Amino acid sequence: MRYILLFFALYLLPWLKLSAQISPLPITGKYNDMPLIEVFSQLEENYPIRFFYDPAWVDSISVSLEAEGLNLEEFLDKLIDGTDLEYHLEKSGRIIFTKGHKIVKLPENFFKEEIPEEPKRITYSIFDKKEDPELLRSVPDVESREFTIGDQPNASGEATISGYIRMSSTGEPLIGASVFITSPFVGATTNAFGYYMLTLPQGNYRLHFKSVGMVETTRKINLRGDGQFDLKMDEDIIPLDEIVVQGELNIINSIQTGRITLDQVTIKTMPTILGEIDIMKISLTLPGVQTVGEGASGFNVRGGATDQNLILLDDVVVYNPSHLFGFFSAFNPDAIKGAGLYKSSIQADYGGRISSVLDIAIREGSKKKLNVSGGISPVSAKVTIDGPLKKDTTSFLLGIRSTYSDWLLEELNDDPELKNSSAFFGDVIGKIHHQANNNNSFTLSGYHSQDRFVLNDDTVYRYSNTNVMCKWRKTINHRLFSTVSLGFTEYNYKISNETSPANAFELNYGIQNSTFKGSFDWLPNANHGIKFGLNTTLYRLNPGSIKPIGGESIVDPRILNEEKGLETALYLGDEYKYNDRLSIYAGLRFSHFGLLGPGRQFKYLPGFSRETQFITDTVSFGKGSLIKAYSGPEYRFSSRYKLRNQSSIKFSYDRTQQFIHQLTNTTAVSPTDTWRLSNAFVKPQIGDQYSVGWYRTFPAYGINISVEGYYKKVRNLLEYKSGADLLVNEVLETDVINARGKSYGMEVFFRKKSGKLNGWISYTYSRALVKALGPFKVEQINQGEFFPANFDKPHNLAVVTNYKFNRRINMSTNIVYTSGRPVTFPIATYQFRGNTYSHFPERNQLRIPDYFRLDYSVNIEGNHKIKKPFHGSWSFSIYNLTGRNNAYSIFARTEDGKVQVFQLSVFAEPIPTLTYNFRF
């Protein structure tokens, strides 16, 4: 027995001695930018201590520390200096970490009951400020603490602080979040990874963190040297707060002209049509952006056609962004994270269109908890679900939307063709995001929509969109990031009519894109932001086919050969901050397009215009052979110079190219529109735009003012000969003309973003002109002089106001006025050799009446208790409150030998809508 006791005494003696001396335990080691988790592992291997912590608290913390004989407590103090971690050291060698809260030893006999010295289970609670403010009175405010960044001063006297900003509720990165100091104003914004970098003189600062929809917060930092500081921001409850149009930092500091970032908060209080919130409709109230018609989703930007806008949904092209011929947007707003609209200063990583880019991002979904939101209105319903598939690692989002009523078409107009029509649309959108580790994330997103429209019980229109994107983002190091993505998009439509067996037909069209994108973001220092990469798109077009239906149909079948094209671009762009006042962006994009076989190309008689009677030969090309190629550089440049009085001036120049063209006889986007690739006769469109602007802010009043001017010229625009046949046309070049275009204008934007009354006023004066002066008479329009384009509207005024009665109730109005767009219709008839002919004036010399509309809405929210599981809101809106009979189109008919002009109006009366939205 005594040998057993002696054995236990010898065994326990070192441990008892160590337990008594665990605090003064000397620690020696050198750790250079080592993850904190690895430091813990090394210490546990070399010393008789154990660490207890939540890995999520330390997974982004790196340590640079050199210790020489420090006792354990001194070492631990240095180890967590500058973080919000606290520790508790037990005699047994256990070191327990908490986040933002200390473990305090209670006085003896604090509890009446005896507490065991070694409890089997220890639970620590981390409290949210919003959930229990009473408990947090004893917890120091994190904004009053000071965080030390870096430990080795740089010889230059400056230091760089960098890190990631994420949402605390979902863990997804916050893109475009602002990080800045106010005196002097120096700041940066986060990139697509939520990463920021800011260089400042070494010293003490109050660092501000701001992002749309997030609680603004600050941190006191002692910047000693280069270091990393990560932050998670809480989502703010902004049910009826001011309308927000978020720019990069603000209009003074951003380097780009003509760029506006939209967020869900922006459109919450906007009056909506038929109860549907539309992220695209809000853009129509901004300067330089004009609607193409009543209720249409297409838009024109700075004198550009609708097909010159690149619309991306999670980096995949969307060819038809509307439902029901433009009455509804194709995008479910509950599933959208935000969008960026670029009217100018289009950076080198974007290409393929010459007017604008609308880049829409889908939300990632929460990695913390399940969320459900939705809404129901008289014409449609929607529901969106998101949540974790694996908590803190993998999230999903699924949104479904559908219409369920045809009563709208019966009420829109007295026209019997509308009353006997029916319509349906539905769409589904989804996303899965997997955060493999701190450096790698994977995303799979998809979208599909279906539309069916029957016109007067005869013509049936069906069209669909399908988008798929797979993306891998990697953090190579804290200065280099990469994104690799594969995408696929498909758009199809089918039109059929079986009313008359002799004329029964079916018309088909389809287009597919397969894309590869590889891009790199490199931050060599806080003054340089370099982006470079490769984009490749493979086009496959079914240009159209028409087939008879049934044995009695006499319709001649026509099937056009498939078209293939490969567009590839290399790009490089660098945003350089020369000093606090001057910043410059320079970019170069080199694009190459090749039209691929199989295919054939007609040859025409030299010295004559392209007419079918002048075709002399046909050249055939085999599969994969190069039929025609185009290539060329695209230059991008912008600069910003800050003035002393809270203002700045900016300049930009963009050259863009477009290798795909929309064929349409209408101004608005229509499901019957087709797209064709550039070939030997249809050349790529090339646009050159110059922009200059002055920007002023009044921070004390929350007011921003901007004035921008632009001039744009375009080569190789497509214009059409009179009576052109665009559908299933094998010899399209005989009906189109290569023309030149120019547009210019001035945009004024006044915005008040705070206070009970907020909103904005935007006014645009613009002209869009076209000149078709070919070598032959048939290729000249209006004697070869400049004439107004179809979308030329000189005056455009929008007034958006929002008045907050309190946090639950607000009222908003939307006033829109635009000049009437140009039209061409016959003004007289005449007789010649017994036949009646219509006399047309020169093209686009007439205009439809000016457009005016007033919308009104009231939004009522439920209470804002945080712990309330279910939140609901009501929105009552009236579209076209004054009932103005705005013209959608003008057309003419000859009746009894006289030309009669008619006006078609879609929404000629006020349209009230009551919508209920919910989330839980």
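The side chains of D314 and K431 form a salt bridge, with N and O 3.2 Å apart. D314 sits in the loop between β18 (309-313) and β19 (316-317), and K431 belongs to strand β27 (residues 422-437), so this contact ties together parts of the chain that are 117 residues apart in sequence. The model is a predicted one. Both partners fall below the 20% relative accessible area that marks a residue as buried: D314 is buried because its relative accessibility is 7%, and K431 is buried because its relative accessible area is 9%.

K368 pairs with D392, and their closest N and O atoms are 2.7 Å apart. K368 lies in the loop between β23 (356-362) and β24 (371-376), while D392 lies in the loop between β25 (380-390) and β26 (394-403), so the pair ties together parts 24 residues apart in sequence. K368 is partly exposed, with a relative accessible area of 32%. D392 is also partly exposed, at 41%.

Strand β27 comes up again in the next pair. R401 and D427 meet through their side chains in a salt bridge of 2.8 Å, N to O. R401 is in strand β26 and D427 is in strand β27, so that the pair links distant parts of the chain, 26 residues apart. Both R401 and D427 are buried.

A381 and R401 are 20 residues apart in sequence, and their C-alpha atoms are 5.8 Å apart. A381 is located in strand β25. With a relative accessibility of 26%, A381 counts as partly exposed, whereas R401 is buried.

Charge is also grouped on the surface. R452, R462, K494 and K547 gather there in a patch of positive charge. One of these residues, K494, is placed in strand β30 (residues 480-497). Patch members need over 30% relative accessible area and no salt bridge. K494 has a relative accessible area of 31%, which makes this residue partly exposed.

A nonpolar patch also lies on the surface. L757, Y803, F805, I809, I860, W874, F876 and L914 form this patch, and together they have about 730 Å² of accessible area. Among them, I809 is in strand β48 (residues 809-818). I809 is partly exposed, with a relative accessible area of 30%.

Helix α2 shows how burial can be arranged around an axis. In this helix (residues 36-46), the residues L36, V39, F40 and L43 are buried. They cover an arc of only 100° around the axis, which means that they are on the same side of α2. The spacing follows from the geometry of the α-helix, which has 3.6 residues a turn, so residues three or four places apart point the same way.

The backbone has some points to check. Most residues other than glycine have a negative phi, and most peptide bonds are trans. The bond that joins G597 and P598 is a cis peptide bond, with omega of about 10°. P598 is found in the loop between β35 (582-596) and β36 (599-604).

Two residues other than glycine have a positive phi: N716, where phi is near 65°, and Q783, where phi is near 60°. N716 is in strand β43 (residues 703-720), while Q783 is in the loop between β45 (757-771) and β46 (787-788). N716 counts as buried because its relative accessibility is 18%. Q783 counts as exposed because its relative accessibility is 51%.

Terms used: Residues are numbered from 1 along each chain as its sequence is written. This is a predicted model: local features need pLDDT of at least 70, side-chain atom pairs count only at pLDDT 80 or more; totals for chains, interfaces and linings use all residues. Side-chain values use heavy atoms; hydrogens and water are left out. Patches are made of residues with over 30% relative accessible area and no salt bridge: like charges are joined within 9 Å, nonpolar side chains (Val, Leu, Ile, Met, Phe, Trp, Tyr) within 5 Å. Accessible areas come from the Shrake-Rupley method with a 1.4 Å probe; for residues, only the protein chains shown count as cover. A salt bridge is a side-chain nitrogen of Lys or Arg within 4 Å of a carboxyl oxygen of Asp or Glu. Lys and Arg count as positive and Asp and Glu as negative; His and the chain ends are not counted. The place of a charge is taken as NZ of Lys, CZ of Arg, CG of Asp or CD of Glu. Helices (H or I, at least four residues) and strands (E, at least two) are DSSP runs, numbered from the N terminus. Buried means under 20% relative accessible area, exposed over 50%, partly exposed in between (1.4 Å probe, protein chains only). The arc is that of the directions from the helix axis to the C-beta atoms.
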